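Please have the sequence and the structure at hand while reading.

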Amino acid sequence: MHRNILASQWFSLIFWVGICILVQVIASLLTFVSVNNWYTTLEKPSWTPPGWMFGPVWTFLYTCMGVAAWLVWRRRQSVKIKPALIVFGIQLLLNGLWPGLFFTLKNIEAALIEIILLWISILITMILFWKIHRMAGGILVPYLIWVSYAASLNFSIWRLNP
């Protein structure tokens, strides 16, 4: 019986991280469309990170998202988790949509509006997760910081490319 519980825990962890990594793959495909041509022609602030940095940072952040969701999922027997996981799903969807707006549609302004909604949904997710499992909320702090940075970068690119 103990072995089955352990296997179930590992399976659910892989499931939650896998969902997040799947969103990362889809977002990467949407980014790939114009990252090496249109994006290179844009004016960008001096504090724009090098392109190689995005893959490792996002892999880390998507993994953190999956682990946080898993920690919340594990509390499903003792706490109401549905609202938190719904908001988590919304932020994950918004996260996956941003590259489509920015890179595929090349709509910097729409991407800016969307990333603000993403930021709000991450903050709400953090708060809801924190109430269920403090570590789950805390794990999302780097994600909120990175999206704050990405939003300011999106804003700067919007201002520099009227």
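## Overall fold

Which pattern does the protein chain follow when read along the sequence? The pattern is α-α-α-α-α-α-α, and the secondary structure comes to seven helices and zero strands, where helices (H or I, at least four residues) and strands (E, at least two) are DSSP runs numbered from the N terminus. The radius of gyration, taken over C-alpha atoms, is 17 Å, close to the 15 Å that the globule rule gives for 162 residues, so the protein chain is as compact as a globular protein of that length; the globule rule is 2.2 Å times the number of residues to the power 0.38. Along the principal axes, the C-alpha atoms fill a box of roughly 60 × 25 × 25 Å.

This is a predicted model, in which local features need pLDDT of at least 70 and side-chain atom pairs count only at pLDDT 80 or more, while totals for chains, interfaces and linings use all residues. Residues are numbered from 1 along each chain as its sequence is written, and side-chain values use heavy atoms, with hydrogens and water left out.

## Burial and contacts

Of the 162 residues, 43% count as buried, meaning under 20% relative accessible area, with exposed set at over 50% and partly exposed in between (1.4 Å probe, protein chains only). Among contacts (heavy atoms within 4.5 Å) with a separation of 6 or more, 81% join residues 24 or more positions apart.

Helix α3 (residues 54-73) has 20 residues and reaches 28 Å from its first C-alpha to its last, close to the 28 Å expected; the expected span is 1.5 Å times one less than the number of residues. Its buried residues include Trp58, Leu61, Tyr62, Cys64 and Trp70.

The 23 residues of helix α4 (residues 82-104) should span 33 Å, and its end C-alpha atoms are 32 Å apart, which agrees. Just after α4, Lys106 takes a positive phi of about 55°.

Ile116 lies in helix α5 (residues 108-132) and is partly exposed, with a relative accessible area of 44%.

Asn154, in helix α7 (residues 141-160), is buried, with a relative accessible area of 2%. Leaving aside residues up to four places away in sequence, Asn154 touches Trp98, Phe102, Ile108, Ala111, Leu112 and Ile115.
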